[in-house]
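Colleague: I'm new to reading structures like this. Could you take me through one by way of questions?

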Amino acid sequence: MIDGKTLGLAIESSCDETSAALSLNGREVLSNIISSQIAVHTKFGGVVPEIASRHHLQNINTVVDSCFEEAGEKLGRKLTMSDVDFIAVTYGPGLVGALLIGVATAKAYALAAGKPLIGVNHMQGHISANFIEHKDLEPPFMSLVVSGGHTNIVQVDRYNHCISLGGTRDDAAGEAFDKVARVIGLGYPGGPKIDKISKQGDPDAIRFKRVFLEEGSMDFSFSGIKTGVLNYVNGEKQKGHEINVPDVAASFQQAVLDVIVTKAVWAAEKPKRLAVAGGVASNSRLREMLTKECEERGIELFFPSPVYCTDNAAMIGCAGYYKYLDGGIDDLTLDAIPGLAMDA
Ligand code: KG4
Ligand code: ZN
């Protein structure tokens, strides 16, 4: 406890960021250290799971030490593990080897320091990222979760509890961004590169098909549009034409976002509150489109800052805090669950 507030340590290692954070009462972030492996994986065109695990192992203790140092500087007093009230860690979904490093580290700290261990669902963490900067936001609300592995519309009933109303039947939105970026030669990580280059392109240059599925469905399908881009690029090459990369990127992005925004706005029509989460939530065009649509419909819209959209431990600390308050303490048998459902 620090000044009557609960101090949580959180660890995140589900994919290619090694991160540790300290926060007070879940929502007041004292430090959020993120060691990104982007440079390491870029030469392979995507995340190599074994390499990711090795880098997490090499970096995790240093990242945890730095998070104590930075939080201590912010508070003007030295912080140690004995000040911590709980240790939260992502246990799924994610890459199994990567998750295991975080889970094993958190268990070791919890055992050595005699602290409660809290296993956190990574997707609940993404949703909770909204609580950090929007101090008044509380469930219930609708959430659009768009990341590298997920595209879901979920009803958030209470802290750490949601019901998925629909999800992708094939590729996730971020996955489609990453795959299309590769096809048009932008490389990894695709999402931010498409976002940037699209600003110089015409979103109406090429009409890629929008897939809405059955009427009223909250599900998504993005594999068709990925194939559509591939066919377009190959067709142009066969004709000996140069492709206009900004136009292809902008047209692809617009087609994906038209579907996502339409469905998210439908879903939020009743609760009139929408919180967006996940790596793709940092997409500037998505933010622009949702802001306009929600304003017109009187829907209150919440976004985390980009640093809290992509993987980070502060969001895990926030979800962990509410699980801790609920008495959701795990024992040392906590294991990594790579396929953990988002509404598990
Ligand atoms: O949430 P996240 O950091 O990791 C997962 O839990 O999956 O999301 C990573 C995904 C990647 O597919 C990345 O390309 C995408 O988020 N992404 C973006 C942007 N920034 C990250 N997609 C579109 N526009 C962006 N600005
Ligand atoms: Zn994530």
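Predicted model: local features only at pLDDT ≥ 70, side-chain atom pairs only at ≥ 80, totals over all residues.

**From the zinc ion to the strands**

Colleague: What spacing along the chain do the donors of the zinc ion (ligand 2) follow?
Modeller: Residues are numbered from 1 along each chain as its sequence is written, chains are lettered from A and ligands numbered from 1 in the order in which they are written, and side-chain values use heavy atoms, leaving out hydrogens and water. Donors are N, O and S atoms within 2.8 Å of the metal (3.2 Å for Na, K and Ca); the protein ones here are His122 (NE2), His126 (NE2) and Asp311 (OD), 2.0 to 2.1 Å from the zinc ion. Along the chain they follow H-x3-H-x184-D.

Colleague: What arrangement do the four donor atoms around the zinc ion make?
Modeller: Four donors count as tetrahedral if all angles lie between 85 and 135 degrees. Around the zinc ion (ligand 2) the angles run from 94 to 127 degrees, so the arrangement is tetrahedral.

Colleague: How many residues of strand S2 are buried?
Modeller: In a regular strand, side chains alternate between the two faces of the sheet. In S2, Glu17, Ser19, Ala21 and Ser23 point one way and Thr18, Ala20, Leu22 and Leu24 the other, and all are buried. S2 (residues 17-24) is therefore largely enclosed by the rest of the structure, its buried count being eight of the eight.

Colleague: Which residue in S3 stands opposite serine 23?
Modeller: Strands pair if DSSP finds at least two bridges between them. S2 pairs in the antiparallel sense with S1 (residues 7-12) over six bridges, where serine 23 partners glycine 8. S2 also pairs in the antiparallel sense with S3 (residues 28-36), over eight bridges. There, serine 23 faces valine 29.

Colleague: How far is a polar side-chain atom of aspartate 178 from an oxygen atom of ligand 1?
Modeller: A polar contact is a pair of N or O atoms within 3.5 Å. For the side chain of aspartate 178, the distance is 2.6 Å.

Notes. Tetrahedral: all angles 85-135°; square planar, octahedral: opposite > 155°, others 65-115°. Buried < 20%, exposed > 50% of the residue type's maximum accessible area, 1.4 Å probe, protein only. Helix = DSSP H or I, 4+ residues; strand = E, 2+ residues; numbered from the N terminus. Polar contact = N/O pair within 3.5 Å; in protein donor to acceptor, adjacent residues only side chain to side chain.
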